[in-house]
Amino acid sequence: MKGYFARSLTFLMVILLTLSMAACSSPSGSTATAGQSTEATQAPESSTSEAATEATAAPTEANKDIYIAVFPKGYVGDYWQSVEAGAKAAAADLGVTITFEGPETETDLDGQIKLIENAINKGADVIAIAPLDSKGNIPIVEEVQAAGIPVITFNSTVDSDIPVTGVETDNWAAGELGGQALGDIMQGQGKYAILGAIEALQISRDRCDGAQKYIEDHYPDMEHVTTFYSDGDLNTSLAAAADIITANPDLAGIFSNNETTTIAVATVLEERGLAGKIKHVGFDATKQTEGYIKSGTTQAIVTQKPYDMGYLTVKIALAVYMKEKVDAKYDTGCALVDMSNVDSAEMQAIINPPVN
Amino acid sequence: MSRSSLLKNMSNNTKQTMTVVIALLVLMVVFSIASPYFLQTNNLMTIGLQTSITCITGYGLTFVLIAGAVDLSVGSCIAFTGVMCALLIQAGLSPSLAVVMTLLIGGLVGFLNAVMVTKMRMPPFIATLGALMALRGLALAITEAKPVFIDVPNFKLLAQYRLFGVIPLPVIYMLALGLLASFLLRKTVIGRNVFAVGSNEEAARLSGISVFKIQIFVYVFSGVMASVAGIILASRVTSGQPAIASGYEANAIAAAVIGGTSMRGGHGSIIGTIFGALILGVLMNGLNLMNISQNWQMFATGIVVIFAVYIDKLRSMQGV
């Protein structure tokens with residue numbers, strides 16, 4: 001019996017220790033654990049965002065009790081952290097309280113739903129969701145509505161009329177921009193392939209199909225050999241990139257549709273000494289992918305404006321709470337990074353966004 | 001074990017390995033007909049490169065499985081050690097020192113797994129499942145979920161350099177570690193004791209084998225192998241990626257099981273695991289070359305694993 005108590009006590013102490021460690025380490029990284037809540041009230045940081053600077057909503061002090069719960073698809077990677085930085089900057093500018101919580105992986109629908117349910121119970125005033133799945137998120141959106149809380153979406157959409165508005169990158173247009181860049185760089189000639197991330201995601205398919213359609217319409221002499229989807233894992237993407245190049249020895253260009261696939265394609269091109277010989281247009285400019293532009297492995301990268309997306313989401317959420325009139329949809333736009341503008345202030349704000 | 005049963009055991013091992021080799025050859029023939037690029041040197045080297053991660057992680061799992069346990073934490077351990085390696089280099093350590101430290105960290109992870117399984121008497125499945133989640137969480141937490149970029153030009157040579165301009169270094173590591181692991185398992189007392197513990201733990205204990213030490217040995221070995229894989233991946237993409245290698249424990253276990261390692265312990269070989277990993281690698285590469293989608297690849301891999309487990313089951317019913 002004594003042994004049992006001793007062991008239980010040890011176990012309890014280990015749990016307490018772990019909790020205190022988590023508590024101590026959270027201020028630096030607000031996204032330390034998946035379920036952790038991030039309270040960002042008024043940090044007097046300035047924001048530099050062309051798309052979303054002027055604050056519509058009323059004076060800062062009056063907004064303090066307004067709680068906007070924001071749910072990204074995940075919190076891993078530069079992309080979501082830029083969204084978070086934008087959302088927090090907006091929260092500081094507008095004086096509202098936000099939380100920014102995502103599941104650990106971008107396939108954990110159940111995890112996201114649990115986080116949203118918690119926010120309903122915590123009495124959120126507006127809920128902003130980046131739906132993991134256009135169908136799978138319908139029930140939780142209905143649940144939020146039933147609780148009398150207005151919903152908006154950002155980043156992606158859900159097949160439902162309930163969300164008041166949506167803030168997102170037009171991914172088809174982003175794909176078209178990638179197709180246009182690849183067509184320009186390849187001067188409208190030669191075979192090209194597309195490496196996509198997750199096939200089950202509408203936005204992933206839109207980027208690939210948008211690029212392909214644009215090239216079909218504008219560069220009829222270019223030949224599309226394959227659109228191949230890896231499952232989003234970096235090592236699997238490396239294999240897919242290598243195998244596409246092996247299977248198509250006369251390949252002249254590749255378009256990759258997110259950060260992971262872009263790292264994969266650039267790595268394989270460098271490993272095989274094909275940098276510059278096979279043209280590469282990537283997606284999502286980050287610290288690592290920016291290096292491929294500078295080394296000449298990747299000629300151009302289509303990039304979203306995640307900081308703007310975060311900022312605009314919180315701003316629109318507040319407008320919804322204030323019952324102001326909002327548009328049915330907001331496009332946060334995208335941009336093309338290449339050798340000529342990679343060091344410009346505008347692009348660096350996207351590549352190395354202001355930290356939280 | 002009497003001499004005759006030992007012989008019988010050996011021949012069954014050989015038989016099992018032959019089955020896997022034949023399966024691999026059949027696959028290769030099919031793919032070489034389906035794609036003219038399959039048998040090119042460059043592509044064969046790519047297969048080696050792609051197989052190395054699964055194979056090296058699989059060596060560790062082979063030891064653990066033969067000892068009658070399991071290690072589910074290796075996928076997370078790959079990410080955790082890769083991230084640690086990147087952070088150590090970023091902190092100013094020389095790449096070689098960082099690599100040594102990372103191997104030690106991998107060993108420490110294995111040691112903690114072993115302590116949970118032996119001293120704390122937790123079922124290996126649950127203990128290492130906990131480690132899987134804890135290590136992934138730790139990898140994400142210490143990096144704030146961002147990739148850690150390695151800005152040292154030499155480091156990437158570790159995985160990207162090609163011997164004689166042809167053979168990627170990870171393939172060399174895979175073969176060298178395979179030789180070492182096979183030697184440990186078959187030619188040393190500790191290797192024989194791993195088999196003994198996996199066949200019958202109680203009997204091994206009674207015959208004076210320290211089950212505790214053997215468990216420590218297999219888990220530390222598995223942790224170190226996972227950290228080798230972590231270092232290779234980090235070098236290949238010149239960054240520590242906290243989200244990488246999710247689910248790779250399944251690949252490593254599959255490679256071992258396809259190669260004839262028994263999930264019930266006491267049975268298995270390193271050469272089998274190499275061929276098991278090659279079957280998985282060839283399958284993925286060949287289907288990629290044929291432009292067959294990732295979804296069907298996963299399906300095909302699953303069927304191969306089920307088939308391999310079925311063969312394992314048949315063997316156990318024959319009382320081997």
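Chain A falls into two domains: domain 1 covers 30–169 + 306–332, and domain 2 covers 171–304. The model is predicted. Chain A also meets chain B, with 28 residues of chain A in contact with 33 residues of chain B.

**Between the domains of chain A**

- Where the two domains touch, domain 1 of chain A gives 8 residues and domain 2 of chain A gives 9 residues.
- On the domain 1 side of this contact, 2 residues are nonpolar, 5 are polar and 1 is charged.

**The sheet of chain A**

- Chain A has an open sheet of 6 strands, and their order is 2-1-3-4-5-11.
- The pairing in this sheet is parallel.
- Strand 2 (97–100) and strand 11 (329–331) of chain A each have a single partner strand, so one side of each lacks a neighbour in the sheet.
- From one strand to the next, the twist averages 15 degrees.
- Strand 3 (residues 126–129) and strand 4 (residues 151–154) of chain A run parallel and are joined by 3 bridges.
- Ile127(A) has Val151(A), in strand 4 of chain A, as its bridge partner.
- Helix 3 (residues 109–121) of chain A packs on the sheet and touches strand 1 (67–71), strand 2 and strand 3 of chain A.
- The direction of this helix makes about 175 degrees with that of strand 1 of chain A.

**Where chain A touches chain B**

- Five elements of chain A each give two or more residues to its side of the contact: helix 2 (78–94), strand 7 (222–229), helix 7 (234–247), helix 8 (259–271) and helix 9 (287–295).
- Helix 7 of chain A provides the largest share of that side, 8 residues.
- By class, the chain A side holds 11 nonpolar, 11 polar and 6 charged residues.

**Helix 3 of chain B**

- Helix 3 of chain B spans residues 74–90, which makes 17 residues.
- At 1.5 Å a residue, this helix should span 24 Å, and its end C-alpha atoms are 24 Å apart, so the two values agree.
- Helix 3 of chain B is mostly covered, with 15 of its 17 residues buried.

Methods:
Residues are numbered from 1 along each chain as its sequence is written. Chains are lettered from A and ligands numbered from 1 in the order in which they are written. This is a predicted model: local features need pLDDT of at least 70, side-chain atom pairs count only at pLDDT 80 or more; totals for chains, interfaces and linings use all residues. Two strands pair if DSSP finds at least two bridges between them. Helices (H or I, at least four residues) and strands (E, at least two) are DSSP runs, numbered from the N terminus. Axes are lines fitted to C-alpha atoms, for helices over the stretch in contact, and angles run from 0 to 180 degrees between N-to-C directions. Two residues are in contact if their C-beta atoms, placed from the backbone, lie within 7 Å. The expected span of a helix is 1.5 Å times one less than its number of residues. A residue is buried if 20 or more other C-beta atoms lie within 10 Å of its own, exposed if 12 or fewer, and partly exposed in between; C-beta atoms are placed from the backbone. Ala, Val, Leu, Ile, Met, Phe, Trp, Tyr, Cys and Pro count as nonpolar, Asp, Glu, Lys and Arg as charged, and the others, Gly among them, as polar. Domain bounds come from an automatic or database domain assignment.
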